[in-house]
Amino acid sequence: MILALAVGTYAFRLVGPALHGRVELSPRVQELLSAGAVVLLVALLATGALTEGGGFAGWARPAGVLVGGVLAWRRAPFVVVVLGAAATTAVLRVAGVT
């Protein structure tokens, strides 16, 4: 099974350069693919931020993710975003907010 997944992953990586310039996507399809990528990333972010062990992760982690998101939106340096999110989560957990 792992070998099949490895071959499939490698094939996907080869398809992009192999088909570049040969396949023309309409602007509408490009828009949909862009929107789909954003939706998948937001779903991954929400799942990681809100759940732990099949249940709600508590309020400290989503608050830290929110602070990190705001800092990233304000174009803060990556280190500031990570440290801000981690510090927010840590302070809330020390204060007893789980």
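**Exercise 1. Classify the exposure of Glu52 in this predicted model, and identify its salt-bridge partner.**

Solution. 
Step 1. Glu52 has a relative accessible area of 47%. Since buried means under 20% and exposed means over 50%, with partly exposed in between, Glu52 is partly exposed.
Step 2. The partner of Glu52 is Arg61, and the closest N and O atoms of this salt bridge are 2.5 Å apart. The cut-off for a salt bridge is 4 Å between a side-chain nitrogen of Lys or Arg and a carboxyl oxygen of Asp or Glu.
Step 3. Arg61, at 22% relative accessibility, also counts as partly exposed.

**Exercise 2. State how many salt bridges the structure holds, and describe the one formed by Glu31.**

Solution. 
Step 1. Side chains of opposite charge can pair when their charged atoms come close. Two salt bridges are present in the structure.
Step 2. Glu31 pairs with Arg28, and here the closest N and O atoms lie 3.8 Å apart.
Step 3. An α-helix has 3.6 residues a turn, so residues three or four places apart point the same way. Glu31 and Arg28 are three residues apart in helix H2, and therefore about one helical turn separates them.
Step 4. Arg28 has a relative accessible area of 53% and is exposed.

**Exercise 3. Determine which residues form the nonpolar surface patch and which helices contribute two or more of them.**

Solution. 
Step 1. The patch consists of Val15, Leu19, Val23, Leu25, Val29 and Leu33, and together these residues have about 470 Å² of accessible area.
Step 2. Two or more patch residues come from each of helix H1 (2–19) and helix H2 (27–50).
Step 3. Val29 belongs to helix H2. Membership of a patch requires over 30% relative accessible area; Val29 has 34% and is partly exposed.

**Exercise 4. Describe helix H3 by its span, its buried residues and its packing partners.**

Solution. 
Step 1. H3 covers residues 60–73; its 14 residues reach 20 Å from first to last C-alpha, close to the 20 Å expected at 1.5 Å a residue.
Step 2. Ala60, Pro62, Gly64 and Gly68 are buried in H3.
Step 3. These buried residues pack against H2 and helix H4 (78–94).
Step 4. On the H4 side, Thr89 lies in that helix and counts as buried at 14% relative accessibility. Leaving aside neighbours within four places in sequence, Thr89 is in contact with Ala60, Arg61 and Gly64.
Step 5. On the H2 side, Ala49 lies in that helix and is buried, with a relative accessible area of 7%. Not counting residues up to four places away in sequence, Ala49 touches Ala57, Arg61, Pro62 and Val65. Ala49 and Pro62 are 13 residues apart along the chain, while their C-alpha atoms are separated by 5.3 Å.

**Exercise 5. Find the aromatic pair of the structure and classify its geometry.**

Solution. 
Step 1. The structure holds one aromatic pair. The rings belong to Phe56 and Trp59, with centres 5.1 Å apart and planes at 70°.
Step 2. Planes over 60 degrees apart count as edge-to-face, so the pair of Phe56 and Trp59 is edge-to-face.
Step 3. Trp59 counts as exposed, at 59% relative accessibility.

Definitions and conventions:
Residues numbered from 1 in each chain as written. Predicted model: local features only at pLDDT ≥ 70, side-chain atom pairs only at ≥ 80, totals over all residues. Heavy atoms only, no water. Patch = residues over 30% accessible without salt bridge, like charges linked within 9 Å, V, L, I, M, F, W, Y side chains within 5 Å. Areas by Shrake-Rupley, 256 points an atom, 1.4 Å probe, with all protein chains shown as cover. Helix = DSSP H or I, 4+ residues; strand = E, 2+ residues; numbered from the N terminus. Buried < 20%, exposed > 50% of the residue type's maximum accessible area, 1.4 Å probe, protein only. Phe/Tyr/Trp six-rings, centres within 6.5 Å; stacked < 30°, edge-to-face > 60°. Expected span 1.5 Å × (residues − 1). Contact = heavy atoms within 4.5 Å.
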